[in-house]
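Trainee: I've got a structure open and some quick questions. Can we go through it?

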Amino acid sequence: MDDDMDQILTDEELKAAATDNIESGADEAKAEKTEEEGKPRQRTVVVAEDESVNRMDLVAMLEDNGYKVVGEAANGEEAVELTRKERPDVVCMDVKMPRMDGITAAGTICDENIAPVVMLTAYSQPDLVKQATGAGAMAYVTKPYEESKLLPALEVAMGRFAEINDLLDTVEANEGKLKETQSQLKEAEEKLKKAEDTLEERKLVDRAKGLLMDKADFSEQGAFRWIQKTSMDQRIPKKRLAMAIIAKYGDPKPEPQQR
């Protein structure tokens with residue numbers, strides 16, 4: 001019996017063992033997380049190529065070089081839909097495809113600023129390249145696909161896309177600051193105008209008050225109260241009332257001397 005009791009862990013020993021187990025598990029999870037964080041994120045790609053054999057070869061080439069193919073399209077419409085859905089880092093787009101050609105699909109993707117597009121073509125005519133770049137394609141590669149041509153084109157396209165979006169972000173931020181500055185300037189102008197109007201009103205009221213004191217035997221306080229009360233009762237701005245008093249009791253303008 002005593003031997004059996006000796007083999008049973010006490011409560012303190014159980015707690016200690018559990019704590020060690022938890023800490024050990026946490027350390028392992030932390031190590032796994034650190035290892036995962038150390039790995040570069042896989043670049044994602046949508047491949048649009050109507051010829052299945054070429055598409056399989058292209059997908060295999062990309063995956064062998066660390067890219068993750070998140071969508072495969074056999075026509076331009078599918079390419080646009082997949083790009084909208086997956087939001088890849090880059091799109092490989094064949095020029096000649098059914099339903100919607102690659103240049104039109106590239107134009108849609110670039111107009112929506114979803115991802116950079118690398119055009120894949122069997123042709124290298126200047127007019128076709130011009131159409132592709134005009135649609136917004138960042139680079140193009142001629143068939144047959146070779147790693148030495150394709151991989152640099154992908155990196156160039158993603159780099160240009162990032163630079164353009166950084167520039168757009170900067171322009172947007174600057175426009176926001178400009179609008180904020182314009183708003184502050186407008187507010188300052190309104191405050192200045194209000195201050196100028198207040199000062200002008202005060203000068204007119206003081207002059208009208210003096211005229212009432214001089215022409216109608218008002219005291220200074222009585223004249224001010226009369227102007228204030230009349231303005232409120234008659235719903236006439238004090239400035240306009242003061243101008244009317246000045247027009248009535250003020251000195252007439254001297255008539256021009258005749259020669």
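Trainee: Which side chain meets Arg43 in a salt bridge?
Mentor: Glu155, at 4.0 Å, N to O. A salt bridge here is a side-chain nitrogen of Lys or Arg within 4 Å of a carboxyl oxygen of Asp or Glu. Before you go on: this is a predicted model, where local features need pLDDT of at least 70, side-chain atom pairs count only at pLDDT 80 or more, and totals for chains, interfaces and linings use all residues. Residues are numbered from 1 along each chain as its sequence is written, and side-chain values use heavy atoms, leaving out hydrogens and water.

Trainee: Where do Arg43 and Glu155 lie?
Mentor: Arg43 is in the loop between helix 2 (11-38) and strand 1, and Glu155 is in helix 7, so the pair ties together parts 112 residues apart in sequence. Helices (H or I, at least four residues) and strands (E, at least two) are DSSP runs, numbered from the N terminus.

Trainee: What about Lys143? Which residue does Lys143 bridge to?
Mentor: Asp94, with the closest N and O atoms 3.3 Å apart. Glu49, Asp94 and Lys143 are linked in a network of salt bridges.

Trainee: Is Asp94 buried or exposed?
Mentor: Buried, at 3% relative accessible area. Buried means under 20%, exposed over 50%, partly exposed in between (1.4 Å probe, protein chains only). Lys143 is partly exposed at 22%.

Trainee: New topic. How many residues are in the largest nonpolar core?
Mentor: It has 23. Such a core is a set of buried Ala, Val, Leu, Ile, Met, Phe, Trp, Tyr and Cys residues joined through side-chain atoms within 4.5 Å.

Trainee: Which helix gives the most to this core?
Mentor: Helix 7, with seven residues.
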